[in-house]
Amino acid sequence: MKKINFLKPDNNNLSFFLILGTLFFILGITDFSLNNFLDKNITFFLPRYINFFTPLIFGVIGLHFIRIEFSGIKQLEILNKNINTNNFNAAFSLFIIFLLIFCIPPLLNWFIFDANISGNTKEACTGSGACWVYIKVWFNRFMYGMYPNAEQWRVNLSFTIVLAFVGIGFFMPAKYRKYLTFYYTIFLPIISFLLIYYLISGGSFGLVWVETGAWGGLSLTFIVSFFCLIFCFPIGMMLALGRRSDLPAIKYSSLSFIEFWRGVPLITVLFMSAVMFPMFLPDGTYMDKLIRVIIAITLFEAAYVAEVIRGGLQALPRGQYDAAKSLGMGYWKLHLLVILPQALKLVIPGIANTFLALVKDTPLILVVGLLELAGMLGIAKTNPEWLGFSMEGYVFAAMIFWIICYSMSRYSQNLEIKYKTDR
Amino acid sequence: MSEKIIQMKNVNKWFDDFHVLKDIDLNVESKQKIVVCGPSGSGKSTLIRCINRLEEHQKGSIIVDGTELSENTKNIEKIRAEVGMVFQQFNLFPHLSILDNCTLAPIWVKKMAKKDAENLAMQQLEQVQIADQSQKFPGQLSGGQQQRCAIARALCMKPKIMLFDEPTSALDPEMIKEVLDAMVNLAKAGMTMIVVTHEMGFAKEVADEVIFMDEGMIIEKASTKEFFANPKSDRTKLFLSQIL
């Protein structure tokens with residue numbers, strides 16, 4: 001055996017250092033696990049303040065020994081390069097490993113191993129984990145709110161049809177591609193509105209009328225988000241252009257509109273739309289609460305979208321305007337053909353951000369008595385039969401919202417890649 | 001004497017307090033090639049940007065091809081469609097392919113059929129020798145190629161006048177020649193051209209007249225031969241001695 005320098009592990013004593021390092025590392029992990037799960041402290045003889053850090057110290061020493069350059073072992077090199085470049089990195093990696101060991105088993109226990117899912121009553125929940133029975137029993141309500149059970153096929157059918165129409169857009173033959181914008185911004189909203197008006201709301205064609213107050217759950221989340229997203233984008237775009245207009249009347253009306261809506265909390269806007277707005281309507285006219293709420297959120301978010309798009313417009317060099325003008329393009333051609341396609345591409349992340357915020361803002365409509373997913377949770381957790389399961393409910397809602405938002409986020413990233421042309 | 005295609009009378013322009021153009025009088029005849037030179041900040045670019053009203057003048061009159069430049073937007077768009085412009089920074093549209101860059105304005109401004117516009121564009125790209133790049137995006141091309149594409153894009157509008165605003169200033173030295181060649185070919189084809197440039201070789205080869213500007217005024221305006229052989233003002237002599 002060659003000379004061993006413990007401060008500088010090298011290639012010459014590769015196997016020795018590897019074994020020693022692995023042992024120390026395993027010792028660290030074992031120490032931590034024993035402390036955590038079995039309440040056993042193998043280093044009890046040390047002073048308390050050192051004792052607390054022993055797993056970390058063992059681990060760092062272990063990682064130090066296996067940090068060998070040019071070892072010729074591929075896996076080891078990958079490991080060293082990614083989590084073990086220096087002592088700080090090693091400590092940080094260990095910290096994360098400990099955190100995972102600390103969190104994952106209890107979480108898994110709560111979610112799966114100790115959870116109950118069979119049965120239909122509260123009594124079926126005997127384990128110490130989550131009571132998914134609660135979600136199962138209330139699932140219908142979480143999805144459809146107070147919508148009558150017998151009529152729920154109408155909601156399903158409408159959503160399926162809308163989804164089908166969206167899908168058709170994706171597989172549209174190249175010949176009709178140029179109508180795609182028109183299809184998505186004008187045709188689809190109209191179809192969706194008609195579906196909602198005649199199918200979900202009902203009242204004609206022999207369908208029972210279901211008032212909007214009874215709508216709720218995830219389907220309401222979708223309805224509100226869908227319409228707000230579709231309408232707030234073009235309105236925001238117009239506002240952004242208006243704010244940069246040369247005409248003072250347009251410029252200052254856009255400016256004051258944007259600043260007004262940005263300055264008011266959403267919850268106030270919702271209250272106003274529900275309580276104050278009807279007072280300004282002439283006698284005898286009536287506008288449904290849901291429509292008022294959708295208009296309110298749309299205008300509110302449009303102001304944000306406008307500012308995001310304005311950022312994109314300002315990022316474009318002046319030469320683009322000059323070039324388009326010098327080719328004889330007027331205001332609309334210049335913006336629609338040259339400026340907006342580039343500006344919108346730049347602000348995809350910002351728009352996605354605003355849209356995600358919008359989707360997550362929809363639960364606020366519960367303040368005016370519309371109960372979408374999060375609102376239904378509030379009802380369910382105060383039901384005397386099912387007291388004490390709010391945790392499961394909120395976790396469930398969080399997962400649903402996370403899935404929605406994450407897929408939106410992924411989609412926006414795809415768009416970014418798709419429209420990326422090298423500058 | 002052929003017709004006067006550009007008539008500038010007593011043109012004045014201010015940027016806030018800064019007097020950029022002072023009493024500019026300039027007549028350009030059809031098919032004439034004019035090179036504008038002068039130190040930076042002398043108002044050369046502003047002068048030619050006034051001709052298609054990318055900048056507004058505040059006093060005097062500019063008549064381009066019989067139409068006076070005024071607040072009337074219809075007139076401005078008409079003139080801009082007849083006056084092509086090439087910029088220092090190319091200003092191609094980065095979101096469109098080279099071919100689409102060239103067909104965009106003919107299709108949407110001149111209402112040309114797509115097929116015709118594409119044929120025309122390929123023809124123009126052929127002229128500047130980048131027809132093989134037509135499906136690429138501007139970001140994938142070299143500076144010289146981009147500038148040649150910008151020339152082709154302007155030519156697709158079939159302009160009567162071409163304005164060049166320092167077309168070679170942003171290019172690497174070895175790319176300057178390819179752009180200048182394209183411009184020389186264009187000049188030989190009989191285009192009316194106003195070129196802001198420091199390329200005196202180009203001026204000697206194609207220009208009918210050279211204008212020297214300083215501090216917003218036209219200091220000297222002479223035929224090319226005269227201008228280089230015996231410049232009249234001291235300022236011009238100094239400039240030429242530094243640049244040649």
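This passage describes chain A of a predicted model and the interface of chain A with chain B. In this predicted model, local features need pLDDT of at least 70 and side-chain atom pairs count only at pLDDT 80 or more, whereas totals for chains, interfaces and linings use all residues. Residues are numbered from 1 along each chain as its sequence is written, chains are lettered from A in the order in which they are written, and side-chain values use heavy atoms, with hydrogens and water left out.

Chain A has 17 helices and one strand, where helices (H or I, at least four residues) and strands (E, at least two) are DSSP runs numbered from the N terminus. The radius of gyration of chain A, taken over C-alpha atoms, is 30 Å, while a compact globule of 423 residues would have a value near 22 Å; the globule rule is 2.2 Å times the number of residues to the power 0.38. Along the principal axes, the C-alpha atoms of chain A fill a box of roughly 95 × 70 × 45 Å. Of the 423 residues of chain A, 42% count as buried (buried means under 20% relative accessible area, exposed over 50%, and partly exposed in between, with a 1.4 Å probe and protein chains only). Contact is defined as heavy atoms within 4.5 Å. Among contacts in chain A between residues at least 6 apart in sequence, 65% join residues at least 24 apart.

At the interface, 21 residues of chain A are in contact with 25 residues of chain B. The area buried between the two chains is about 2000 Å², and carbon and sulfur atoms give 63% of it; buried area is the accessible area (1.4 Å probe) that two parts lose on being put together, summed over both. A:Ser326, A:Leu327 and A:Leu337 supply 29% of the area that chain A buries against chain B, more than any other three residues.

The rule finds two salt bridges across this interface, a salt bridge being a side-chain nitrogen of Lys or Arg within 4 Å of a carboxyl oxygen of Asp or Glu. A:Arg318 and B:Glu55 meet through their side chains in a salt bridge, at 3.1 Å from N to O. On the side of chain A that touches chain B, the elements giving two or more residues are α13 (318-326) and α14 (331-346) of chain A. Of these, α13(A) gives the most, with eight residues.

Within chain A, A:Ser192 is found in helix α8 (residues 180-201) and counts as buried because its relative accessibility is 2%. The side chain of A:Ser192 reaches the backbone oxygen of A:Leu188 at 2.6 Å. Leaving aside neighbours within four places in sequence, A:Ser192 is in contact with A:Val162, A:Phe226 and A:Phe227.

A:Tyr419 lies in the segment after α17 (390-418) of chain A and, at 42% relative accessibility, counts as partly exposed. With neighbours within four places in sequence left aside, A:Tyr419 is in contact with A:Lys345 and A:Ile348.

Key
A polar contact is a pair of N or O atoms within 3.5 Å; within protein, one must be able to donate a hydrogen and the other to accept it, and residues adjacent in sequence count only if both atoms are side-chain atoms.
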